[in-house]
Amino acid sequence: MDELLQEFISETQETLEALAGEVVAWEADPSDRDRLDAIFRFFHTVKGSCGFLNLPRFERLSHAAEDVLADIRAGKRGADAATVSAVLGLMDRIGELTEAVARGAALPNENDDYLIAALNAPTEQAAAQVPSAPVAVARQTGQAGPRTIRLPLSLIDQLMNGVSDMVLARNELSRKLRERSADPELDNVFERLSTCVADMRDVISKTRMQRVERLFAAIPRMVRDLGRDLGKRIDLTLEGGDVEMDREMVEMVVDPLTHIVRNSIDHGIETPERRRAVGKSEAGALRVEARQSGNQIVITISDDGAGIDTARLVEKAIGAGRLTPEAAARMTEAERLDLIFQAGLSTATQVTSISGRGVGMDVVRANVERIGGVIALDNHPGQGLCITLRVPLTLTIIPGLVVRAGGLHFAIPRAAVVEILHDNNAMLQISCIGGAQIATIRGVRHSMIELEDVLGMERPAQAAPRAIMVVRSGSGVPYAMGVAAVDNHEELVIRPASPLIMASGVYAGMTLPDNGKPMLLLDAAGIASAAQLPTILDDQAARQTEEQADAQAGVEMVAALRFEEVTGEKRLLKLALIDRVEDIDASLFGRSGNCAFVRLDGRLVPVVNGLWQFDRDKVSALRLRDGTQEACYPVATVLDIVQMPLVPDMVAMHGMLSGIAVIEGEHLEVINPFALFASLSGKEGFESQGGRCLLADSEDGWTREILAPLLRQAGHDVVLGLPEDGTIDPHDVLLCHDGDGSKLAGIMAEMTGCRVVQLRASPRAAGPRDASIYRYDQDALMAAIAAGQG
């Protein structure tokens, strides 16, 4: 009997959760027979199960609802608003009774007769009811459901923990095998084991996944009830219910999503009278959509209401002493909008049962960021508001960074880190004002803390530069955090930490990286709170931001790298084209004909500005890539990253320049990326002029197995032996060994004019006249080939 009762409770709770939205959708379209039949079957099933389970109150309530729904199915009664409200009331009561039975508590002693009487009220009385809001809910295609069984969640969690431990043991075994001599047979067995463990981990992870429609289930009922209470008409659209996310993540997102939807109805969407006055339709539109983007779930909640009144927010903040009028006057619109996340601030004019107490969006942001997510606002005053939540697909495995501080390792969610620099970076200045550290990065000031100081650890001296991380705090204001180093980034398995550790407020849990040593997961918001960092941007940064916004109003901006040329000019180049910036040995640069090149990773890469001789050992260079071509751009120094207009302030296209942009009062030339990459093909065939590499001794094992693959990887066309047609181009390069090289070199040079590169097996030359190249001197070999093909 206990198993039957547990099965009844589980099925009833699941069906109630799904049917709440179906009843509201059926109210909007009473002709939808499929939804009516589903609701009727629920009450019929409950009534049938109650007889042998001895649940008389369940039976009485479900029997009353079944009778009324049968009349509606037979056309004897209409599905008016009052009937739907009464049906929802009965479902709520059945839900309360089910919850009590599940807990083993006494059943609530409410008056069921009142609910049954409301259900059987004459239709004439229903006419006085407020009409309910229509709700548009996308119907899922009807398909036969998969065969399922129910398992306790604790069992699934145990399976997940067991597989995580198995992964860690596999990684430890892998390290042990690498330390011993290679055994191909053992390696193959380990690879099969590793594949099986990975597949098992993926499958068990999927058992934790649930459809987002469970997250959406309560929204239609909530929208209907709030709409009736506030006298508003609302068209609700739900999309993306088939997207799946972790069960625990669903539970964590429910409260933030509920609060946002309630805010949209209460604060955002206007009353029908107000909407008519401003030329809108009487029914407000509310849209909730979910989609998967990589390893994130993106949930957008948008409405066509009044949006957020930022002037009202500023007024509230000044009245609460959070902001001075002078600082408010210098704030940008984005900073004013961000005030909505300040605790205690609300735009509501009066306190109601729904809102107005100033407890809400600050908690929403804190809850979203606690699970590694972010929240963004897109405000259009008078037209509506769109709120976007980006949360991880799963809580159990998140991308994270491993940092070192005080001799220990800690983890931090990668989503919380905006930027990482070293304290010797020219773009960073650290100063101490009034006992507090300030980090100025590219002119923007951030509060700065040292992680060791917050955690009460000693900070040992180190020769290497410290890492400075720009971290997003719970209030949205980023701060700088110094750590000894950022050691790694990896997918982290997250587990709860002990209550004593969590009570400190600076940790979000613990994690087990691949080395199996437990690490604590840092809570970015908790660290900011423990360090008592300010939650409002400082006045100077706000003023700089506003000045830039005023100067660039209406202009599309892009990120660009500001740098100084070797010849002294300061210029800009679009950041998206730069693959990376690195220091390169000056000896790797060379020239062949009219083409400058640099040897990188065994390949010859063209130098777009033609520089190849330098007065220093190391050269700062921009590695550029347009998707297919790669190029190198040597510079004197990299200055910083700035925002520049997509179209220069003064267009003057000549050579590789597209115009001049004014950045912070400085006139800077802008590199034209089109002309830059077009110049590569304009040079005399840097790629096309290169001939073939002819390997004379085609039967030699070293030539076939070592030399030929190296040349092919460097992008050369390799021919083993002489060409079958006997044609040799002057740009071809013939590579030969000591024995056959001398005589053949003279013959080939006289006949075709091609270059012969002679290789030797000994590291040392035979004498001063020996022009051969040691066959393992890769740089010399590539330079000789490049010179020959030029």
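This report walks through the fold, cores, salt bridges and a few individual residues of a predicted protein model.

In this predicted model, local features need pLDDT of at least 70 and side-chain atom pairs count only at pLDDT 80 or more, while totals for chains, interfaces and linings use all residues. Residues are numbered from 1 along each chain as its sequence is written, and side-chain values use heavy atoms, with hydrogens and water left out.

**Overall picture**

The protein has 24 helices and 36 strands; these are DSSP runs numbered from the N terminus, with helices being H or I of at least four residues and strands being E of at least two. Of its 790 residues, 44% are buried. Here buried means under 20% relative accessible area, exposed means over 50%, and partly exposed lies in between (1.4 Å probe, protein chains only). The accessible surface comes to about 39,900 Å², and carbon and sulfur atoms hold 51% of it. Areas come from the Shrake-Rupley method with a 1.4 Å probe, and for residues only the protein chains shown count as cover. Among contacts (heavy atoms within 4.5 Å) with a separation of 6 or more, 65% join residues 24 or more positions apart.

**Cores**

In soluble globular proteins, nonpolar side chains tend to be buried together. A nonpolar core is a set of buried Ala, Val, Leu, Ile, Met, Phe, Trp, Tyr and Cys residues joined through side-chain atoms within 4.5 Å. The largest one has 49 residues, and the members touching the most others are Ile 219, Leu 257, Val 261, Val 288 and Ile 299. Helix α11 (residues 247-268) gives this core its largest share, 7 residues. Beyond neighbours within four places in sequence, Val 261 is in contact with Ile 219, Met 222, Val 223, Leu 286, Val 288 and Ile 301. There is also a second, separate core of 35 residues, which includes Phe 43, Ala 64, Ala 86 and Met 91.

Phe 43 turns up again beside Ser 62, which is in contact with Phe 43, Val 46 and Lys 47 once neighbours within four places in sequence are set aside. Ser 62 is found in helix α3 (residues 56-73) and counts as buried because its relative accessibility is 0%. A polar atom of the Ser 62 side chain lies 2.8 Å from the backbone oxygen of Phe 58.

**Salt bridges**

The structure holds 32 salt bridges, each defined as a side-chain nitrogen of Lys or Arg within 4 Å of a carboxyl oxygen of Asp or Glu. Three of them are set out here.

| Pair | N to O distance |
|---|---|
| Asp 37 and Arg 73 | 3.2 Å |
| Arg 93 and Glu 96 | 3.5 Å |
| Asp 640 and Arg 562 | 2.8 Å |

Asp 37 in helix α2 (residues 33-53) and Arg 73 in helix α3 are 36 residues apart, so the pair links distant parts of the chain. Asp 37 is buried at 15% relative accessible area, whereas Arg 73 is partly exposed at 28%.

Arg 93 and Glu 96 both sit in helix α4 (residues 81-103), 3 residues apart, about one turn of the helix. Arg 93 is buried at 11%, while Glu 96 is partly exposed at 36%.

Asp 640 lies in strand β28 (residues 637-645) and Arg 562 in strand β20 (residues 557-564), so this pair ties together parts that are 78 residues apart in sequence. Asp 640 is buried at 11%, and Arg 562 is buried at 7%. Elsewhere, Arg 580, Glu 582, Arg 623, Arg 625 and Glu 630 are linked in a network of salt bridges.

**Individual residues**

Thr 511, in strand β18 (residues 507-512), is buried at 0% relative accessibility. Leaving out residues up to four places away in sequence, Thr 511 touches Ala 411, Leu 492, Val 493, Ile 494, Lys 517, Pro 518 and Met 519.

Ser 473 lies in the loop between β15 (467-471) and β16 (479-483) and is buried at 3%. The C-alpha atoms of Ser 473 and Leu 533 are separated by 9.3 Å, although these residues are 60 residues apart along the chain.

Most residues other than glycine have a negative phi. Gln 532, not a glycine, has a positive phi of about 55°. Gln 532 is in the loop between α19 (524-530) and α20 (539-551), and is exposed at 71% relative accessible area.

Technical notes. A polar contact is a pair of N or O atoms within 3.5 Å; within protein, one must be able to donate a hydrogen and the other to accept it, and residues adjacent in sequence count only if both atoms are side-chain atoms.
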